[in-house]
Amino acid sequence: MSGAEPISIACIDLAGTTVADGGTVETAFAEAIAALGIVSGTAAHDRAMARVRESRGGSKIEIFRSLFDEPRAQAAHLAFERSYDQLVDRHGLRPVPGAERALERIRGAGVRVCLLTGFGRRTQARVLDVLGWWDRVDLTLCPEDAGRGRPWPDLVLTAALRLGADDVRHIAVCGDTANDMLTGRRSGASIVAGVLTGAHDRDRLLAAGATHVLPSVAALPALVLDDAAVADHR
């Protein structure tokens, strides 16, 4: 990374990147789709879930809008949020190993941290409440805060504006999906790091524009802070 732009803002994803997912998001999608009468074992269900998997990382309401008309999309999104809440009640939430320490190291070095998500504001708040993370970061954003969710650049650019970035090249983006990588690339971030703890594999992340692929977010501080020992993780 010698000669790279200094990083002043790190935009990091929630589910699958800093928060261990364990299939919770996909289960909530499946239950939401079933609530609208598209049940497991049918071709319609298989098509809908294929769309969900392809679109992981994107705005949840926009994913439902790609499947249903507006009233049904809103109903599905509400069902998703209720299902996710119930799954959290039953199973709890836990950070990806090393995530909390990574956030501490990055902020401790003076880099501001924004947590990004495709969840609606209500679900985002539930995650942050359960983990007690409100004070661990400088900013949290969901699609409602930015106009458009991923794969558009709006979330990262909103973080840049709110946190006072002087150059988008001073931003690092980290996530587990192709949509995270596309968002980072389209925003002009100089580091777009994929992690292998979530929805998409190395090939998908690289194809979507990842500059680096890391085992997990635990490896992000060395990259963002320009540790001399960091290797090329592509």
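Q: Which helix supplies the largest share of the lining of the second largest pocket?
A: The largest share, four residues, comes from α3. Helices here are DSSP runs of H or I with at least four residues, strands are runs of E with at least two, and both are numbered from the N terminus. The helices α3, α4 (70-91) and α7 (143-146) each give at least two residues to the lining of this second largest pocket.

Q: What kind of model is this, and how are its residues numbered?
A: The model is predicted, so local features need pLDDT of at least 70 and side-chain atom pairs count only at pLDDT 80 or more, while totals for chains, interfaces and linings use all residues. Residues are numbered from 1 along each chain as its sequence is written, and side-chain values use heavy atoms, with hydrogens and water left out.

Q: What makes a space a pocket, and what makes a residue part of its lining?
A: On a 1 Å grid over the protein atoms alone, a pocket is an open set of points with protein on both sides within 12 Å along at least five of seven lines; a cavity is a set where a 1.4 Å probe fits but cannot get out; a lining residue has an atom within 4 Å of a point. The second largest pocket has 15 lining residues, and Ser59, Ile61, Arg65, Pro143 and Glu144 lie nearest its centre.

Q: How is the volume of the second largest pocket defined, and what is its value?
A: Grid points are joined across faces, edges and corners, and the volume is the space filled by probe spheres set on the points. For the second largest pocket this is about 190 Å³.

Q: What is known of the largest pocket?
A: The largest pocket has a volume of about 250 Å³. It is lined by 17 residues, and those closest to its centre are Arg51, Gly58, Glu62, Arg150 and Pro151. At least two lining residues come from each of α2 (43-54), α3 (60-65) and α9 (178-187). Its lining divides into four nonpolar, seven polar and six charged residues.

Q: What is the form of the peptide bond from Arg150 to Pro151?
A: The bond is cis, with omega near 15°. Most peptide bonds are trans. Pro151 sits in the loop between α7 and α8 (154-162).

Q: How many cavities of 30 Å³ or more are there, and how much space lies in the largest?
A: The count is three cavities of 30 Å³ or more. The largest cavity holds about 80 Å³ of space. Its lining includes Asp13, Val25, Arg56 and Arg150, and by class it has three nonpolar, four polar and five charged residues.

Q: What lines the second largest cavity?
A: This cavity, with about 40 Å³ of space, has a lining that includes Cys11, Ile12, Asp13 and Arg150. The largest share, three residues, comes from β1. By class the lining has six nonpolar, one polar and three charged residues.

Q: Why is Ala189 called buried?
A: Buried means under 20% relative accessible area, exposed over 50%, and partly exposed in between, using a 1.4 Å probe and protein chains only. Ala189 has 7%, so Ala189 is buried. Ala189 is found in the loop between α9 and β5 (191-195).

Q: Which residues does Ala189 contact?
A: Contact means heavy atoms within 4.5 Å. Leaving aside neighbours within four places in sequence, Ala189 is in contact with Val168, Ile171, Val173 and Gly184.

Q: Why is Asp21 called buried?
A: The relative accessible area of Asp21 is 16%, which is under 20%, so Asp21 is buried. Asp21 lies in the loop between β1 (9-13) and α1 (24-35).

Notes. Ala, Val, Leu, Ile, Met, Phe, Trp, Tyr, Cys and Pro count as nonpolar, Asp, Glu, Lys and Arg as charged, and the others, Gly among them, as polar.
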